[in-house]
Amino acid sequence: GEPAPESNFIVQKLYAYTDGRSNDILFRILESKRKEADLRLGWEGASLISDAGISDPSIEKVVHTLREDGVAVIPARLKKETVQNLYDLALSSPLNTMTFGPLATDHAPGTQSTIPVAETGTSNGFDPSQPRCSVYTVPRSLLLENQNVQSLLCDPYLLAVATRYLGVFPVITKPDMWWDTEFVPAGLRPRPFHTDSGCLRWLKIGVNLTDTTLESPHFVYVKGSHKPNKSTRSLTRLLASRMNLSDKEVGKVCPDKIVHITAPAGSITLTDTRGIHKGELSARGHRLILYFGLEGSAFNNIDLPVPLNKVGSELGKAMSARPFSYQFFRATH
């Protein structure tokens, strides 16, 4: 019932050697019996993003953009009350903290795949005007009790986009919400580019809860790199021997395809992170972001189900109607 320890390594190397084709072939084999291009929820669900839900005509436009570019931004549609509720939760909750350390002297900027961590701890809330740590994370157990977070995990609009894009009803994976701050040592920026690995095909959902700028922490993506193509093939092949790419390498091959995603609070970024991307650290300012996954399968996932002490009616109906898709969540009552 669990993947072999080497499976993720093998998936990564096959992806690099085949320019991503291995993921698509394995996905077709494993998920062919689940193919479901048209969404049938199995329950009556309300959307936080669109009153029209799965009938919203903008869904096709978002799916088309994802297929072409690998990344799409849904404009600021979340209600202000929803954004404020999540912002207040991250502002006043007990938080887990992490402080980055200086870069090792033997690494050039933009090439070290892992960020050195100098200290971890806890904080009783967060003051955006006086950050004392690099990252402040809302504990997942607390995050999952929030009704807005639960509603987003079963939002019909997002599920419709993912189903049309992936061809199967997605498997929903665990949410995380955190503050990125400007409390970082000099020399850690720019971050290296990389690709994600795991369940073969997926979408990452990023809910922007603060405005982002080019100077604040933000997402950077190489358009079109999520699918086999000649323009980025030389970069993908480099990942056979290492797990990161520098700004210089990517800029030399496809400078016109690098996009910096800046968006207002309440907007949502959907990304196929099989493509080349990175999260850029702050030069100035902070960001609050909520992330979760809508994945094409449960293949290669070693996570155990997360217990839910409080399950709202919407999420409860979704879990009952689609147990396979919500297999990483477990109601305790």
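**Surface patch, pocket and salt bridges in a predicted model**

A nonpolar patch on the surface is made up of Phe9, Ile10, Leu14, Ile25, Leu26, Ile29 and Leu30, which together have about 640 Å² of accessible area. The elements giving two or more residues to this patch are α1 and α2 (21-31), and α2 gives the most, with four residues. Patches here are built from residues with over 30% relative accessible area and no salt bridge, with like charges joined within 9 Å and nonpolar side chains (Val, Leu, Ile, Met, Phe, Trp, Tyr) joined within 5 Å. Areas come from the Shrake-Rupley method with a 1.4 Å probe, and for residues only the protein chains shown count as cover. Helices (H or I, at least four residues) and strands (E, at least two) are DSSP runs, numbered from the N terminus. The model is a predicted one, so local features need pLDDT of at least 70 and side-chain atom pairs count only at pLDDT 80 or more, while totals for chains, interfaces and linings use all residues. Residues are numbered from 1 along each chain as its sequence is written, and side-chain values use heavy atoms, with hydrogens and water left out.

Leu30, one of the patch residues, sits in helix α2. Leu30 counts as partly exposed because its relative accessibility is 44%; the cut-offs are under 20% relative accessible area for buried, over 50% for exposed, and partly exposed in between (1.4 Å probe, protein chains only).

Next comes the largest pocket, which holds about 1400 Å³ of space. On a 1 Å grid over the protein atoms alone, a pocket is an open set of points with protein on both sides within 12 Å along at least five of seven lines, whereas a cavity is a set where a 1.4 Å probe fits but cannot get out; lining residues have an atom within 4 Å of a point. Grid points are joined across faces, edges and corners, and the volume is the space filled by probe spheres set on the points.

The lining of the largest pocket runs to 44 residues, and Trp178, His194, Asp196, Lys204 and Tyr291 are the ones nearest its centre. Two or more lining residues come from each of α1 (7-18), β2 (94-100), β4 (135-137), β6 (176-180), β7 (202-208), β11 (277-280) and β12 (287-295). β12 has the largest share, at five residues. By residue type, the lining splits into 16 nonpolar, 16 polar and twelve charged, where Ala, Val, Leu, Ile, Met, Phe, Trp, Tyr, Cys and Pro count as nonpolar, Asp, Glu, Lys and Arg as charged, and the others, Gly among them, as polar.

Side chains of opposite charge can pair when their charged atoms come close. With a salt bridge taken as a side-chain nitrogen of Lys or Arg within 4 Å of a carboxyl oxygen of Asp or Glu, the count comes to 15. One of them joins Arg233 to Asp19, at 3.2 Å from N to O. Arg233 is in helix α8 (residues 230-238) and Asp19 in the loop between α1 and α2, so this pair ties together parts 214 residues apart in sequence. Arg233 is partly exposed at 25% relative accessibility, but Asp19 is buried, with a relative accessible area of 3%. Asp19 also has a positive phi, near 60°, in a residue other than glycine.

Strand β6 takes part in two further pairs. Arg287 and Asp180 meet in a salt bridge at 2.7 Å, N to O; Arg287 belongs to strand β12 and Asp180 to strand β6, so parts 107 residues apart in sequence are tied together. Both Arg287 and Asp180 are buried. Arg140 pairs with Asp176, their closest N and O atoms being 2.9 Å apart. Here helix α5 (residues 140-143) supplies Arg140 and strand β6 supplies Asp176, a link between distant parts of the chain, 36 residues apart. Arg140 is partly exposed, with a relative accessible area of 30%, and Asp176 is partly exposed too, at 26%.

Arg189, Asp247, Lys278 and Glu280 are linked in a network of salt bridges. Leu200 has a positive phi near 85° and is buried, with a relative accessible area of 0%.
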